[in-house]
Structures are given as C-alpha cells and as structure tokens.
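Me: I'd like a close look at one part of this model, with the cut-offs spelled out as you go.

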Amino acid sequence: MLLKAYIFLVQFFFTQRVQCMYDYVIVGGGNGGLVMASRLSEDPKVNVLVLEAGNWVEDLPEVYIPGMIGAGQAFTSLNWAYETLPQRNMNGRSLTISAGKALGGSTIINSMIMTRATQAQYDAIGALNNSTLWRWDELLPFFKRSEIFTPPNPDQVAHGASYDPTVHGLPPSDANKGKVKVGFPNYFYPQSDMFTQALMYTGDDGLRFQRALDLGGGDIQSRVGISSDSLDASNNTRCSAVCGYITPFLNRRPNLHIIAGAMVSKIEWDDDRIDGLLVARRVEYFVDGDSVPRYADVNADAGGEVVLAAGTIGTPKIMELSGVGNSSYLKSLGIDSVLDLPSVGENLADHIHSWANAITNASITKDVLANNETFKAEQLALWEENRTGLYSAAPRAIGLAAPTDLLPKDRISSLLNEARRNLDKYATEFANGNDALREGIKAQHQIALDLYEKDEQIPIELNIEPGYSGPTPRDGRGSKNYTTISAVFYSPLSRGRTHISSASYTAPPAVDPAYWTHPLDVSVLTAGLQTARKVLRTQPLSSIFVEEFEPGEKVGESDENVEAYLRTVAASDSHEVGTMAMMPRLLGGVVDTRFKVYGLKNVRVADASVVPMPISAHLASTVYSIGERVADFIRNDQARRTKPLVRQME
C-alpha cells in the first residue's frame with residue numbers, strides 16, 4: 001500500500017505542474033528520453049518536458065521483481081507489440097516486435113541484460129561516419145557515466161560473476177546525478193554454470209570458449225560469462241530508467257515535467273526558417289485518448305529543442321506524421337511534406353530469436369514455479385522476506401559466438417564470397433529506390449563482411465534458460481522440466497522499413513523488417529541453432545539431458561530441415577535499429593554525428609533508431625550511452641551559443 005501511495009504522489013507531482021513553453025520537449029520516456037530529461041534538468045534555468053504514451057508502472061511486481069520478467073502485464077498492456085507485415089521468408093507469418101509502453105520504455109519489460117557490443121563494431125560505426133565520436137574509446141566514458149556498478153560479492157563470484165573495474169561506472173559524487181544501477185542477482189540456477197562449462201569444453205568437438213572477464217568490456221568474441229543486469233543490488237529489484245534517472249529527484253526539480261498517457265501526434269513547424277533550416281515550434285499531443293489536442297511550445301528563439309526518443313518504430317512515425325520523410329509517400333496519405341528526407345523509416349534491422357530445448361532431469365527449473373503453486377508461493381515469500389530464492393534470479397549466462405565457432409572456415413569463405421558478389425544486388429533491393437541509402441547499405445555490408453572475414457563479428461548469442469522457452473504453448477508441453485538454449489542472430493544483413501499507414505496518429509505503422517531476405521542470414525542462424533542443440537548434449541549439460549523437445553526428432557538433424565523449421569518458429573528479439581540512421585546524408589543518413597536531423601534546426605534523436613547497423617549486444621546499455629552523449633552535445637551547444645539567432649523569411 002505504501003508503494004502504491006508513493007507512485008500516486010509521483011504521478012500527481014509530475015502531471016499537475018504543466019506549463020506551455022519549454023526549453024526541451026522530449027518525446028518518449030524510455031531510457032534515451034529519461035537520460036535526456038534527467039541530464040538537461042540538472043540546469044535549474046531550463047524547463048524540460050517529457051511526453052510518454054505509457055503510464056507509471058514501477059509499483060507492479062512483474063516490473064520490479066527480477067524473477068517475474070515477462071509475467072503479468074509485461075507483454076500485454078505494457079507492450080506496443082508491433083505486428084509486422086507478413087514475412088515472405090518466414091512462411092508468410094506476421095511476427096511481433098515488443099517495445100515497452102510505459103514510463104521507462106523497454107527498460108520496464110526487457111530482460112535487464114546490460115551487455116555491450118565489441119570494440120570493433122563501435123569503431124566500425126565511427127568509420128562509417130568518418131568520425132571518432134562513435135569509437136569505443138570515445139563512447140566508454142558515456143557508458144560509465146550512465147551507471148552505478150555494484151561489484152559481485154563473494155557468493156556471486158563463486159557462481160561465475162566477474163568484472164573489469166576499468167569499464168564500469170562508480171557511484172556519483174553528486175547526489176543530483178542520475179545513473180542506472182547495475183549489478184548481479186542473488187540466485188543462480190546450477191544450469192548456468194553447467195552451460196558455461198559446456199561452452200568451455202575442450203574435448204573432441206568442443207567449442208572451447210574462454211571465460212569472459214566482463215561482457216561489457218568490448219573484447220567478447222568466443223567468450224562466455226554472467227551478464228550484469230540493470231538491477232539495484234541493495235534490494236534485488238529491477239532498476240529501470242525511471243529508477244536510475246527520475247525517482248532520485250522527486251520533489252527536487254520543479255523544472256522537470258512528465259506527462260504520462262500522452263500520445264504525440266506531430267511536430268509543428270515555424271513559418272520562418274533559421275539558417276535555412278526548419279524550426280520546430282511546438283509539439284501536438286493527446287492525453288489518454290482526448291479528442292482535443294494539447295500543445296507544448298518550444299522556446300526555439302533561445303535554442304530550445306525537440307528530442308525524439310520514441311524508439312526505432314515510434315520515432316520515424318512521428319517524423320512522418322510531421323511531414324518529414326519520403327515526400328511522395330507522405331503526399332499519398334494526404335500529409336503535407338515539409339522536408340523530403342526519404343531515408344526516414346528505412347534501413348530497419350532486427351535481431352532474430354530461436355530456441356533449442358530439451359526435457360531435463362534437473363529438479364529445479366523455472367517450470368516448477370509455473371507447475372507448483374505451493375512452491376511458487378514459498379519462493380515469492382523468500383524474495384519478499386530477504387530477497388533470496390528463485391524470484392531473485394535474473395538472466396543470465398551468455399556465450400558470444402564468432403563465425404568460426406559456428407561454421408568451418410571454407411564454408412564461411414564461400415558465404416562471404418557470394419555476399420560480396422551480390423553486394424549491389426541486395427543493397428539496391430533493401431534501399432527501396434533510395435540511391436543514397438543504397439550506397440549506405442553497401443557500406444554497412446562491406447563493414448559487416450570484413451568483420452566476418454576477420455572473425456571479429458559476433459553473429460550469434462547463445463544463452464541458457466533454466467526452464468522452457470520457445471514457441472509451444474503450455475498445454476502443448478505438459479508439466480515437465482526443461483532446459484532451453486536460445487540462439488539469437490545478432491548480425492543480419494537484411495534491411496526492411498517501417499512507415500505510417502495512415503495520417504492518423506492512432507493508426508499502427510506498417511512494419512516490415514524483411515527477415516531472412518539475405519542468404520547469409522539464413523545460413524548463420526541455422527548454424528546457430530544447430531550449435532545450441534549441440535551444447536545441450538555437451539558435458540556437463542549432457543548429464544541432465546533426457547531428450548530434445550525442440551526442434552526434436554520430427555525435424556531431424558539436417559541443415560535443410562532446421563532451416564525450414566526456423567521459418568515456422570523464429571521470432572523477433574526486439575532489438576531493432578537503424579530507421580533514423582546516423583550516417584552521412586550522401587549515404588542515406590537521417591541524423592548527423594551530433595544526432596541532429598538533417599534539414600531541421602532544433603530536432604535531435606536519442607534512441608536506438610540512430611544506430612545505423614545491428615550490434616552484437618542487447619541494446620539497453622548502448623541507448624543509455626546515446627542519451628548521455630546527446631545531452632552532452634545539447635549542453636555544449638547551449639554553452640557556446642553567444643549570439644542571437646538570425647531568422648530568414650521564406
């Protein structure tokens with residue numbers, strides 16, 4: 001009851017103090033948006049507004065209890081659940097892409113995993129932009145700035161947790177500095193260590209992975225380790241972007257305003273331009289389905305900005321509703337085009353999830369929580385009493401497979417040669433008639449293929465679930481216990497798009513990730529799932545293996561059959577990027593290296609949509625660093641602004 005009363009006061013505090021003019025209007029209250037809100041409102045002289053379509057949900061057990069990830073409302077009312085168009089290469093299925101619909105965004109419903117990609121991948125994004133700003137060495141301070149890291153205690157170390165202190169953030173010296181709390185859970189299933197040992201197995205046909213010192217350290221190819229989580233180690237609860245960047249400042253920042261339940265419909269533009277660029281003058285939004293719009297004015301004359309942080313699918317939707325995008329397409333929907341920027345919504349890429357699972361003789365799995373109400377109640381009581389037991393567990397042991405961990409070198413060479421021969425073909429297909437973007441996709445593919453060739457790409461994540469995870473509903477798998485190894489495809493060359501389907505802000509967008517359109521993607525994920533099946537049978541996991549459930553005997557062992565099976569079950573891993581790509585405009589980019597939208601004076605983007613190509617990591621920590629970096633750019637620009645803006649009449 002006390003927690004619910006606290007949340008009510010939080011909601012009242014932030015939603016009642018609403019004004020009309022703001023220095024910064026932030027659209028989207030996910031991790032990028034809330035970092036921005038927190039950092040910018042450190043300056044008491046500016047007013048900051050966050051418009052978030054979802055609600056405050058920090059009081060829900062399925063949000064704050066680690067062992068309840070995915071339960072309750074997490075993937076229903078707290079999820080945008082974007083449905084894709086039928087996917088030609090997935091047997092015509094429509095897949096669901098999850099994204100958090102709540103204050104905190106996807107940090108409310110994600111698996112709390114705080115990994116980072118490789119140094120080589122961040123460096124490659126910098127090279128794509130001819131800029132050092134995205135190189136690993138330049139980004140690391142922003143990764144560190146975004147977190148308060150709690151090192152593992154002796155018990156956690158005994159269960160495999162380890163870390164590199166040089167790549168993590170310390171507690172802030174100033175209590176007014178927000179950071180997300182990162183640490184390790186209080187319970188580890190024995191299967192996690194067995195999985196680690198299986199990947200490190202050095203016997204005949206063993207994968208021979210090495211133990212990772214730190215999965216956030218940038219050197220993670222062919223490594224396996226325990227991921228740190230967005231978790232408050234002091235009380236074993238999820239630490240979302242709200243926990244890290246908003247709740248520490250309740251009642252202490254009268255210049256920070258948050259409106260929950262606010263759907264943004266469009267940005268409105270000034271009749272005049274500044275420096276020849278369009279100027280965002282106000283943001284139109286609707287609260288809780290109201291029929292009459294409300295408006296938040298932007299103090300553009302004093303350098304005020306709009307920051308879009310609505311996600312890889314939500315941000316291009318707002319741009320297009322505002323008249324920025326492919327002018328021909330917008331006009332076909334009856335929307336006045338104010339800026340022809342045809343790459344908005346294009347270049348969409350997403351990770352793909354698959355599962356290998358087996359019936360196990362292990363006595364304790366997550367299945368027991370679902371099948372035994374008495375045991376479930378006992379475990380929940382343990383968590384409530386002292387933050388121990390199964391509900392204090394959080395994901396997870398993770399292995400990062402390099403190409404040569406999955407396929408023979410001659411097979412990799414053959415696939416890469418074929419991809420290079422067809423570079424123009426696929427870049428043209430994926431660019432959707434956009435000549436500049438064709439060159440951008442070609443450049444991305446060249447980078448990705450070079451990383452494959454040097455064995456520096458990480459195309460597959462393997463992770464263990466001590467219980468069932470997969471496509472079969474509960475009534476189709478009985479009350480048995482399971483072990484699941486997921487194979488997540490990290491490095492797709494396929495590119496799709498997302499665009500509005502109507503001029504109405506309430507209409508869902510048309511989302512087409514074009515999964516498995518590139519043949520290299522097909523071969524690598526198939527190899528990844530085959531590897532996951534192999535790990536289930538590798539000691540010591542083999543000691544608890546009874547029989548494979550999925551793909552199972554009905555699919556068999558051949559790559560052809562496994563590929564066909566994947567077309568029927570593979571799912572989105574909901575790590576979509578690229579629709580507002582940070583690339584040179586000549587390569588079809590939408591934002592520059594300071595995250596400003598080309599052609600717009602005072603609009604930036606601070607979410608995963610700016611990441612131009614897929615990275616080998618869960619996205620949360622990278623988006624936190626993006627928010628930190630954008631806030632830094634804005635504050636630096638504001639400090640340098642010494643002369644009045646010169647307005648030009650059109």
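Which residue forms a salt bridge with Arg533, and how far apart are the closest N and O atoms?

Reply: Quick ground rules: this is a predicted model, with local features needing pLDDT of at least 70 and side-chain atom pairs pLDDT 80 or more, while totals for chains, interfaces and linings use all residues. Residues are numbered from 1 along each chain as its sequence is written, and side-chain values use heavy atoms, leaving out hydrogens and water.

Arg533's partner is Glu557, with 3.5 Å between the closest N and O atoms; a salt bridge here is a side-chain nitrogen of Lys or Arg within 4 Å of a carboxyl oxygen of Asp or Glu. The two sit 24 residues apart, Arg533 in helix 16 and Glu557 in the loop between strand 27 and helix 17 (DSSP runs numbered from the N terminus: helices are H or I, at least four residues; strands are E, at least two). Arg533 is buried at 2% relative accessible area, but Glu557 is exposed at 54%; buried is under 20%, exposed over 50% and partly exposed in between, using a 1.4 Å probe and protein chains only.

For context, the salt-bridge count comes to 34. Another one pairs Arg39 with Glu628, closest N and O atoms 2.7 Å apart. Arg39 lies in helix 2 and Glu628 in helix 18, so this pair ties together parts 589 residues apart in sequence. Here Arg39 is buried at 3%, and Glu628 is buried too, at 0%. Shared partners join Arg39, Glu42, Arg145, Glu628, Asp632 and Arg635 into one salt-bridge network.
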